[in-house]
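Welcome! Please take a moment to look over the sequence and the 3D structure below before reading on.

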Amino acid sequence: WLNKSKVAWRYLPIRYFYSTTLMWSFEYLIKSKFDIIGFCKGWNSVFSEISEEKRNPLSASRIAYLKKLEARLWY
């Protein structure tokens with residue numbers, strides 16, 4: 001979940017970062033049988049890690065190409 005969020009933060013438009021992080025955090029909750037402490041630690045890790053990451057979002061043409069390939073951008 002952290003790695004997916006970091007990649008989304010670094011390379012995708014911001015809306016994809018939020019949707020990726022939100023959806024995978026819910027996936028974590030479900031698979032961990034609602035481990036709230038781990039959930040909170042995960043969110044804390046996401047925000048501490050992305051504060052150190054430099055953003056370099058893909059261009060609109062590259063995003064369009066990924067959409068054409070039916071890449072999973074939202075999560």
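The model is predicted, so to speak of local features a pLDDT of at least 70 is needed, while side-chain atom pairs count only at pLDDT 80 or more, and totals for chains, interfaces and linings use all residues. Residues are numbered from 1 along each chain as its sequence is written, and side-chain values use heavy atoms, with hydrogens and water left out.

## Salt bridges

How many salt bridges does a search of the whole structure find? There are three, where a salt bridge is a side-chain nitrogen of Lys or Arg within 4 Å of a carboxyl oxygen of Asp or Glu.

| Lys or Arg | Glu | Closest N and O atoms |
|---|---|---|
| Lys-6 | Glu-49 | 3.3 Å |
| Arg-10 | Glu-53 | 2.6 Å |
| Lys-31 | Glu-27 | 3.5 Å |

Let us start with Lys-6 and Glu-49, whose salt bridge links distant parts of the chain: Lys-6 sits in helix 1 (residues 2–11) and Glu-49 in helix 3 (residues 36–50), 43 residues apart. Helices here are DSSP runs of H or I with at least four residues, numbered from the N terminus. Lys-6 counts as buried, at 19% relative accessibility, whereas Glu-49 is partly exposed at 27%. Buried means under 20% relative accessible area, exposed over 50%, and partly exposed in between, using a 1.4 Å probe and protein chains only.

Arg-10 pairs with Glu-53, and this pair also links distant parts of the chain: Arg-10 is in helix 1, while Glu-53 is in the loop between helix 3 and helix 4 (60–68), 43 residues away. Arg-10 is partly exposed, with a relative accessible area of 25%.

Lys-31 and Glu-27 both belong to helix 2 (residues 14–31), four residues apart, or about one turn of the helix. Is Lys-31 buried or exposed? Lys-31 is exposed, at 64% relative accessibility, and Glu-27 is partly exposed at 29%.

## Helix 1 against helix 3

Two packed helices are described by the angle and the distance between their axes. The axes of helix 1 and helix 3 come within 10 Å and cross at roughly 35°; axes are lines fitted to C-alpha atoms over the stretch in contact, and angles run from 0 to 180 degrees between N-to-C directions. Helix 1 contributes Leu-2, Ser-5, Lys-6 and Trp-9 to the contact, and helix 3 contributes Ser-45, Val-46, Glu-49 and Ile-50, with contact meaning heavy atoms within 4.5 Å.

How values were computed:
Helix = DSSP H or I, 4+ residues; strand = E, 2+ residues; numbered from the N terminus.
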